[in-house]
Amino acid sequence: MLTPPRTVVRRDGGLYALERALQRRGFRHVAGADEAGRGACAGPLVAAAAVLPEGRRGEIDELADSKLLTPAARERVYDEVVARALAYAVVVIPAEEVDARGLHVCNLAAMRRALASLTTRPEYVLTDGFGVDGLDVPGLAVWKGDRVAACVAAASVLAKVTRDRIMVELDGRFPGYGFAEHKGYITAEHSAALRERGPCREHRFSYVNVAAVSGRDGRPPRARRPAAGGPDPVLPGRVGGRPDEPMERSGAPGGTVGVALGEQPRPPASVGEDVVMEGGVR
């Protein structure tokens, strides 16, 4: 019995090597999926998926893991991904759903929904860190995929920029926590604000540090959430303001689905400010 030839991933291909190898084997449309906000104790969880075009058009200057980019560089790369992608999608899961269903369940569901929303059907899927079941196409979980595969890096930028913009808006709605600066991650400043002010409705009450200052440690996450004392903040694009539904955004030219907002790593000096917050190393 003849065995199929091995797929060779060329070392000189850099961030695009894995996708190019898959394309040589006939998988033209390779999708990448990633998330932002797993380690935050406040704000939504955001997942994104992207399919970049083959060839030079799919090569984006400065593209890298979103945590390795400065905020200004992320915005530039975000605009390029939106302009060049064959398709992209972003799904936002609010904090209350993370509490009710669990972080890992929400993370998998959000990436699955983002991939299912792509208007260009992927023939192969690359995900960052762990696999996503329930897909009808082959896929591969890639360790540190956002530093290895261009489509995963593109998805990481879409998710990160979207979430950062949401957190800046929430900072205006819930002042005093510093959401615009630390984006809901557990920094010393955020921990001090939590102790002083207590949690707000955008905090994740299933997280140990939030539950500890809520005074409701023995109750389940849904019950620990503050009682509704007024209208919840409505995130941009939320239809109807239903708190129990994740939000999807759409609206990019050319039939793509995504957010209508506006390995070649950068040198160590360019590392973004979110690396330590999200578990990386400067």
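This is a predicted model: local features need pLDDT of at least 70, side-chain atom pairs count only at pLDDT 80 or more; totals for chains, interfaces and linings use all residues.

Visitor: Where do F27 and Y124 lie?
Guide: F27 is in the loop between α1 (17-24) and β1 (30-36), while Y124 belongs to strand β4 (residues 124-128), so the pair ties together parts that are 97 residues apart in sequence.

Visitor: And is Y124 buried or exposed?
Guide: Y124 is buried, as its relative accessible area is 13%. F27 has 25% relative accessibility and therefore counts as partly exposed.

Visitor: What about the rings of Y177 and F179?
Guide: Their planes are at 10° and their centres 5.4 Å apart, so the pair of Y177 and F179 is stacked. Both Y177 and F179 are buried.

Visitor: Which residue lies over the face of Y177?
Guide: That residue is R197, at 5.4 Å from the ring centre of Y177. Elsewhere, the charged end of R165 sits over the ring of Y78, 4.6 Å from the centre of that ring.

Visitor: Changing topic: how many helices and strands does the protein chain have?
Guide: The protein chain has nine helices and six strands.

Visitor: What share of the residues is buried?
Guide: Of the 282 residues in the protein chain, 51% are buried. The chain exposes about 12900 Å², and carbon and sulfur atoms supply 54% of that area.

Definitions and conventions
Residues are numbered from 1 along each chain as its sequence is written. Side-chain values use heavy atoms; hydrogens and water are left out. Helices (H or I, at least four residues) and strands (E, at least two) are DSSP runs, numbered from the N terminus. Buried means under 20% relative accessible area, exposed over 50%, partly exposed in between (1.4 Å probe, protein chains only). Rings of Phe, Tyr and Trp (its six-membered ring) pair if their centres lie within 6.5 Å; planes under 30 degrees apart count as stacked, over 60 as edge-to-face and the rest as tilted. A charge sits over a ring if NZ of Lys or CZ of Arg is within 6 Å of the ring centre and within 35 degrees of the ring normal. Accessible areas come from the Shrake-Rupley method with a 1.4 Å probe; for residues, only the protein chains shown count as cover.
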